[in-house]
Amino acid sequence: MPYFFALAFALFLASCSNSTDSYEEPADALVLETDSLKAVDSLSTPDSLSLPDSLSLPDSLNTRDSLNSPDSLCTQDSLDTTQNMVQTDTSTRGMVLFSATSQKVQIGTNEKSAKVNERPAATVNFTYDYYMDRHEVTCETYNDVMKDYGAAAQLECAGDSLPAVNVTYFDAVLYANARSKRAGRDTAYHYTKLSFNSKGHCIGMEGFAFDPAKKAFRLPTEAEWSFAAQSNWAPANSWNAGNSGYKLHKVCTAPVPPDKSDSSICDMAGNALEWVNDWMGALRDTSITNYVGTTDGGTLGERILKGGSFRNSPQAMHIYSRGDIYTVAGSLAADYVGFRLAYGAIPDAQWMSRKGPAKTSSLHVIASSEAVQGKTTSSRAKLAFRNDETGNLAFVDFGSSATVVEIDDTLEVYHPDISPDGRRVAFCTGLEGISGKSAVYVRDLSVGGGNLIKLDVPNAAIPRWRVLENGDTAIAFVTDAGNNKDMGYFATTATWQVKISGGIFGIPEKLFMGAYHGGISNEGDFAITGARLLIAHKERIYNSMIPLDTIWYNGEQACNASLSHDGTKRSLFLDFGGKTGRKFTGINYGTHEMLLVVDSLGKLIQGVPAPAGHSFDHTEWALGKVKGKDLVVSTIVDINGNHNKVQLLDMVDSSRLDLVGGGEVWHPSLWLGVINIENTAWDLDSAGDYSNPDNSVSHLFHEKMPMMWDMRDSVEVVAFGNSRTYTGFDPKSIELPSMNFSVIPCEMHCINYLFKNYIVKHYHRLKYIVVGLDFDTWHIQDPNESILTATMGSKGFEYDKNHKFWPNGIDDDFLKLVHQKRNESSEEIQAVSGYVAHEFFIGWYNATTGEVSIVLDSTWSDKEFIWQTNLIALKDLIATAGKKGVKVIGVTYPISPKYKETGSYGKFGLRRSHALQIMDSVKVYQENYGNFRLMDEEDAPKLVEISATKKKKVVSNL
C-alpha cells in the first residue's frame with residue numbers, strides 16, 4: 001500500500017504543480033457434562049441485598065469522581081464466610097454447572113486467517129467445576145442488583161429481558177461483587193478507589209486485584225467461557241447481522257439448534273459480545289492448568305471480549321475470537337457489549353506472563369497515575385523492582401500505562417537503579433550482605449529490556465547511577481557487597497565507578513577502599529554503606545589528605561542504607577530494634593519497624609514507624625528532588641515475612657501511598673522524572689503532556705505530538721487520516737520532507753481541527769497536505785466528540801487549546817517539556833516520520849469465508865446531515881489551505897471489491913448510494929478549488945502497484 005501510494009503521490013505532485021416484555025428466569029440450575037445435561041434442585045435467590053449506607057454513590061457523578069471512604073465499596077470486603085454461609089447454596093439460580101474437572105479446552109487457534117492475538121492455539125486443563133450464567137445478565141437483573149448503588153448505576157433499556165449492555169468491564173466487576181455480597185460470600189475483586197465518568201460508568205479501579213481462590217461471583221475466564229461455548233456453539237442460530245435488524249433481542253430467544261435442548265446455555269454466539277475476566281495477552285503453543293490469563297493488559301490495559309454480537313455475521317463468529325474491531329480497554333462501554341457471570345473458586349490458578357512461563361501469583365498496580373502525580377508532582381514517574389518469585393526485573397511507568405511490565409530473563413536481578421534520564425536501568429546479580437560472585441548489567445527500561453550490556457570486571461555489585469560535575473554519566477559499584485562487620489575484610493573491598501555513554505562502558509576507575517554501596521555524594525567527597533554496620537566515608541576531613549571512615553549508630557546493627565540525592569548528605573537506614581533508635585524515638589519497636597535518618601555527621605534526626613503489624617525492607621530515597629517533599633520508597637513486609645507491597649513515604653508529613661502489590665516485591669527504585677526549569681512561564685505540569693489520562697484509547701496522539709513540534713520548521717508535506725493513511729502513507733518514500741500525522745480515530749472534523757490549529761499556525765514551509773477521505777468513518781455526529789476521542793482529553797492538548805495553540809510560537813523550554821514527557825514509542829514513530837508499517841492486511845476480506853467485515857449498520861447514512869457536516873469540514877479545510885498557498889490532495893484508498901456484494905460502502909457502513917453522492921460533491925470541490933485534487937480508486941489502474949511484501953523502493957520516472 002505505501003509504495004503504491006508513493007508513486008501515486010508523485011504523479012499528483014507533478015500535476016498539482018501545474019494547475020418490552022418481561023422475562024421469566026429459568027427455575028433450575030443445570031449440571032452440564034461432556035454430552036448430557038442433568039437437572040439439580042431448584043434454587044432461590046435472597047430477596048434483598050443488605051449493604052452499609054456508605055455503599056451508595058454520590059448524588060451526582062462527574063468524570064473521575066471517586067469513592068474514598070474506608071468503609072465503602074472501594075475497600076476490600078472481607079466477610080466471615082463461616083458465619084454468613086447458609087447451609088444450602090441458594091445463590092446459583094439460573095446458572096449452569098459445568099463438570100470441567102479432568103477436562104481440557106483449546107483457546108486460540110492455528111488458523112492462518114485468524115488475528116495475530118488469536119494465534120497459536122493453547123490448551124487449558126481444569127481441576128475444578130464451575131457455574132456460569134445460562135444467558136447474559138439482563139437489564140432487569142442488573143438494575144435490581146445495582147439499585148443500591150444509586151440512580152447513576154441504573155441502565156436505560158428498551159426491555160427488561162434484553163442483555164445489559166453499555167457496561168464497562170469495571171461495571172461488571174462491581175455487579176459481580178454485589179452478587180457475591182447478596183449471597184453472603186466474600187468478593188473476588190478488590191480495589192482501593194473507583195473512578196466514574198459523567199454517565200455513571202465505572203472507568204477505573206485503583207489497586208485492582210482479582211483473587212481466583214475466592215468462592216465468589218466473577219466474570220468467567222476465557223478458558224471457562226470457551227469450554228461452556230463448546231456445548232452450544234451455533235452462530236447460524238444466533239442473533240446476528242443477518243437476522244437481528246442490528247439490535248439486541250431478548251435473551252435465549254434465538255432459534256434452538258435441532259440437537260440442543262431449550263434449557264441449554266444460550267446466546268454464547270451473537271446478541272451481545274461478552275466481557276470475560278482475562279487481560280489480553282499473547283497466546284503460546286503450550287498446555288497450562290487452571291489458566292486465568294496474562295498478568296496484565298500491556299500498555300493499553302487491554303481486555304478480552306467473546307462471542308460476537310448482533311452486528312457480526314455468523315461466519316465471522318468463532319469461539320477463539322478475542323476482541324472487537326478496535327482495541328478493547330476496561331473502560332469501554334458499547335451498546336453491543338454485555339456480560340454473564342461465573343461462580344466458584346479456581347484452585348491453584350496460574351497466570352501467564354506476556355513472554356514467559358506460567359506464574360502462580362500476579363503483580364498488580366495499586367496507585368493510579370493521578371495518585372502518583374499528586375504525591376510526586378511528576379507525570380513521568382517510573383518504578384523498577386525485583387519480582388522475587390521469578391528473579392526478574394519488573395517495572396511500572398506511571399506516566400504511560402500504570403501496568404506492571406516484567407522482563408523475563410535468565411538473569412537474577414537485584415538492586416535495580418534507574419538512570420538519570422529514566423530510560424535505562426542498572427542491576428546486579430548479587431545481594432547486599434552476601435559475599436560472592438556478582439555482575440553488573442545495564443538494559444533499557446522497556447518491554448523486552450533490550451540493549452543489555454555487561455560490565456566486564458571480575459566482580460561488581462549494587463550499581464548506582466551518578467551525574468558527574470562535568471555532566472558525564474557514570475555508574476558507581478562495589479567489588480563485594482558482603483557483611484562489613486569484619487573491618488579487616490571490609491578494608492580489602494573497594495568502591496569504583498565507570499562512565500557510560502551511548503550504551504558503552506568506559507574504563508573503570510577506583511574511587512576509594514571500602515564497599516560504600518549506599519550512595520556517593522555529587523561532589524564525590526562523602527559515601528555511606530550499611531550491611532551490618534552503618535559506616536560513613538569522608539574525604540579530606542579538616543584539610544587532611546587522609547580520608548576518614550567512621551562507624552556510626554554506636555556500632556549497632558544496621559542495613560539498607562541510602563544517601564539522599566538533594567545535597568544534604570542525609571542517610572536513611574533500618575536497624576534491628578536497637579537501643580540507640582529506641583531511645584531516640586521513645587518507641588519500643590522491633591526489627592525494621594522504624595525508618596531512621598541521620599545527618600551528614602551521623603546524628604539521628606528523624607524516625608518514621610512502619611505501618612502497624614508490618615515492617616520496612618529495601619528502603620531507598622526516591623531519585624529526584626521535589627520541592628516541599630522528602631520521598632522514600634520501601635518494600636512493606638507483613639507479619640509472616642511476605643514482601644507483598646511497595647510503598648511511597650513522604651518523610652515530611654509521614655503520608656503514604658501504596659504503589660504495587662502481589663507476590664514478593666523487592667528492591668524498589670523510584671525515578672521521579674521531576675522537571676526543573678527555572679524562571680519559565682510554561683505550566684510545568686500541563687505543557688507538553690499529551691498522555692492519555694485513563695488509557696482508554698490508543699496513544700497515537702501522545703506519540704505523534706512530539707514529532708509534530710520537532711518537525712515544524714522542516715516539513716513541506718503533512719498527511720492526515722485514519723488507519724488507512726496511518727499505514728498507507730510512507731513519508732520516507734516522498735522526495736519532499738514529509739510527515740504522517742494520522743491518528744486513530746480522526747474523521748474530517750478532527751482532521752480540519754488539527755490542521756487549522758497546529759499545522760497552519762506552526763508549519764510555515766508547508767506546500768501540500770494529504771487527506772484520507774474515509775467516507776465510512778464519517779458517522780460521528782458531534783465534532784467535539786471526534787476531537788476529544790483523538791486527542792484523549794490530554795492535559796497538553798487542553799493547555800494548548802486554552803492558549804489558542806500558541807499563535808506566537810513556542811520556545812526551547814516548551815520543547816524541553818515535550819521531550820521530557822514523551823514516551824519511547826514517540827521516538828520510534830518520529831524516526832519514521834509517523835509511518836508504521838503493517839506486515840498483514842486487515843479488513844480486505846476473510847480468507848476462509850470470503851466475506852468482508854461490516855461493523856456498523858450502513859443505514860446510519862440515511863441521516864444525511866451527519867456526512868454533510870464532514871463535507872463542510874473538508875470544504876473549510878480546502879479553503880483555509882488555499883489562503884495559505886497550500887495544495888490539498890484528497891485520497892480514497894482502495895477498498896475490497898467484496899463490498900460491492902453488500903449494501904455497505906466499507907467496514908463502517910454508509911450506503912453505497914450515499915458514498916457516490918459524497919464522491920460527486922468532492923469532485924465538485926476539485927472543479928471549484930484550484931488547490932484541491934482528488935485521487936480515488938479509479939486512478940489505481942494507471943499506476944504501478946508493487947506488493948507490500950516485497951518491500952521494494954518505488955522509483956517514479958515521471
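The legends below describe close-up views of a predicted model.

Local features are given only where pLDDT is at least 70, and side-chain atom pairs count only at pLDDT 80 or more, while totals for chains, interfaces and linings use all residues. Residues are numbered from 1 along each chain as its sequence is written, and side-chain values use heavy atoms, with hydrogens and water left out.

**View 1**
Arg340 sits in the loop between strand S16 (337-339) and strand S17 (342-343). Strands (E, at least two residues) and helices (H or I, at least four) are DSSP runs, numbered from the N terminus. With a relative accessible area of 0%, Arg340 is buried. Buried means under 20% relative accessible area, exposed over 50%, and partly exposed in between (1.4 Å probe, protein chains only). The side chain of Arg340 reaches the backbone oxygen of Arg134 at 2.8 Å. A polar atom of the Arg340 side chain also lies 3.2 Å from the backbone oxygen of Asp267. A polar contact is a pair of N or O atoms within 3.5 Å; within protein, one must be able to donate a hydrogen and the other to accept it, and residues adjacent in sequence count only if both atoms are side-chain atoms.

**View 2. The disulfide of Cys139 and Cys157.**
The sulfur atoms of Cys139 and Cys157 are 1.4 Å apart and form a disulfide, defined as a pair of cysteine sulfur atoms within 2.5 Å. The pair links distant parts of the chain, 18 residues apart: Cys139 is in helix H3 (residues 139-146), and Cys157 is in the loop between H3 and helix H4 (169-182). The torsion about the S-S bond is about 65 degrees, so this disulfide is right-handed. Cys139 is buried at 1% relative accessible area, whereas Cys157 is partly exposed at 34%.

**View 3. The disulfide of Cys252 and Cys266.**
Cys252 and Cys266 form a disulfide with sulfur atoms 1.8 Å apart. Both cysteines lie in the loop between helix H5 (222-229) and strand S12 (273-279), 14 residues apart. Cys252 is partly exposed, with 21% relative accessibility, and Cys266 is buried, with 11%.

**View 4. The disulfide of Cys746 and Cys750.**
Here the sulfur atoms of Cys746 and Cys750 are 2.0 Å apart and form a disulfide. The link is left-handed, with -95 degrees about the S-S bond. Cys746 is buried at 2% relative accessibility, and Cys750 is buried at 1%.

**View 5. The pairing of the bonded cysteines.**
The count by this rule is three disulfides. With the bonded cysteines of the protein chain numbered in sequence order, the pairing is 1-2, 3-4, 5-6.
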